[in-house]
Amino acid sequence: MQEANRLKRLPQYLFTIMDNLKQEAAAKGKDVIDLGMGNPDLPSPPNVVEALVKAAVKPENHRYPKPTDDVSKRFRRAIAQWYDQRFGVKLDPDTEVLPLIGSKEGISHLALAFLNNDDIGMVTSPTYPVHANGIIMAGGILYNIPIGPENNFRPDFQTLPKEVVRMAKLLIVSYPHNPTAACVDLDFYNELVAWGKGKDTILCSDLAYSDIVFDGYKAPSLLQAKGARDRDAYCVEFHTCSKSYNMAGWRIGWAVGHPEILRSLAKAKSYIDFGIFPAVQEAAIEALIGPQDYVHNLVQIYKRRRDMFVPGLHALGWNVPTPKATFYIWAHIPQKFSGLTSLDFSKLLVNEAGIVTAPGTGFGEYGEGFVRFALVEPEERLKVALERLKKVLALKG
Ligand SMILES: Cc1ncc(COP(=O)(O)O)c(C=O)c1O
């Protein structure tokens with residue numbers, strides 16, 4: 001049976017390849033240290049699990065959820081309250097907040113809701129894969145904006161080709177950035193909104209790592225920018241419980257922003273899904289408006305991992321930048337292996353050291369030449385990884 005062309009047009013999903021390599025190595029009895037996927041390793045907050053358990057036994061939570069249910073209303077209000085506390089932006093919970101089954105779900109359906117066949121969706125390259133793949137699956141035309149150390153990993157909107165901009169219905173940015181860990185300040189969003197004003201382009205920010213920030217850095221929101229909430233600025237932002245509260249498996253996130261955009265996104269979703277298990281919504285309310293010391297402790301754990309692993313790489317002569325946010329390290333392939341593609345270098349690391357990384361091209365063509373480490377293993381395991389990397393770096397290139 002032939003797959004639909006929309007599936008054939010998708011690039012290879014490198015995480016599947018890496019997962020297969022990991023399984024093969026594990027089957028051979030190798031001890032595998034998995035720094036590949038950005039899959040948080042620590043348990044969700046106990047108070048959140050408790051809220052889930054309490055809600056899961058209630059029969060009224062076993063039915064199809066509806067946006068008009070009491071729990072759905074309270075969840076939207078909790079999101080608005082969190083947003084106000086975190087960013088000082090007041091949202092209308094009924095029109096400017098839309099709960100999602102994880103932000104990945106919402107981002108892909110945003111493209112489906114808005115892109116026609118000759119519409120362009122612009123993303124940075126590299127980027128988190130669903131940004132690009134959602135556009136391709138929706139049948140839109142993907143336009144990659146290369147970002148790298150030469151432009152501080154930020155697109156310069158003024159230099160985008162005019163004919164591309166004219167056809168662009170969607171632009172997705174995401175800072176703190178996965179995979180490069182690049183960060184922006186509010187001026188970046190001020191410029192973006194000023195550029196987007198009067199254009200028929202949805203400005204979409206994916207702020208999955210809003211809370212995983214270090215050294216006093218505070219990640220701004222697109223909706224804090226000047227004019228971002230005007231009717232002719234089509235701004236929307238995606239958030240998730242996956243990273244701040246280690247709830248990746250629970251599948252819960254939300255979109256905020258322009259009511260018209262959210263209405264169409266909700267419309268597309270209403271033909272596809274039934275929303276979020278009410279007990280999971282109860283738990284997410286607890287996560288957002290309950291005590292926040294869990295997030296603070298989590299950030300300290302990632303910081304300790306970073307402060308051990310990055311200097312460890314430096315000591316091996318591998319000069320990687322120190323990330324100000326996220327739990328990723330975006331590492332240039334060492335000079336002596338620069339003849340290898342990022343995929344081949346990642347394969348070498350699995351085969352020689354049992355270390356899984358994400359090859360840079362998994363995030364787009366401009367990710368070539370890099371691999372990404374995700375610090376989602378405990379410090380002791382990261383130390384073992386450094387010892388093994390030392391041996392790999394001593395190999396002949
Ligand atoms: C930038 C970015 N956006 C979205 C997601 C997915 O989030 P969710 O679990 O809410 O679908 C991830 C997960 O790694 C991510 O890195």
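Q: Leaving aside neighbours within four places in sequence, what is Leu203 in contact with?
A: Leu171, Leu192, Val193, Gly196, Leu222, Ala233, Tyr234 and Cys235. Contact here is two C-beta atoms, placed from the backbone, within 7 Å. By the way, this is a predicted model, where local features need pLDDT of at least 70 and side-chain atom pairs count only at 80 or more, while totals for chains, interfaces and linings use all residues. Numbering starts from 1 along each chain as its sequence is written.

Q: Why is Ala181 called buried?
A: Ala181 has 24 C-beta neighbours inside 10 Å, and buried takes 20 or more other C-beta atoms within 10 Å (12 or fewer is exposed, in between is partly exposed, with C-beta atoms placed from the backbone). So Ala181 counts as buried.

Q: And is Asn152 buried, exposed or partly exposed?
A: Asn152 has 13 other C-beta atoms within 10 Å, so the label is partly exposed.

Q: What is phi for Asn152 and for Ala181?
A: Phi is near 55 degrees for Asn152 and near 70 degrees for Ala181. Most residues other than glycine have a negative phi.

Q: How do you know whether H3 runs roughly parallel or antiparallel to H10?
A: The axes of H3 (residues 46-56) and H10 (residues 278-289) cross at roughly 150 degrees, coming within 8 Å. Axes are lines fitted to C-alpha atoms over the stretch in contact, with angles from 0 to 180 degrees between N-to-C directions; helices are DSSP runs (H or I, at least four residues), strands too (E, at least two), numbered from the N terminus. Over 145 counts as roughly antiparallel (under 35 roughly parallel, 65 to 115 roughly perpendicular, the rest oblique), so H3 is roughly antiparallel to H10.
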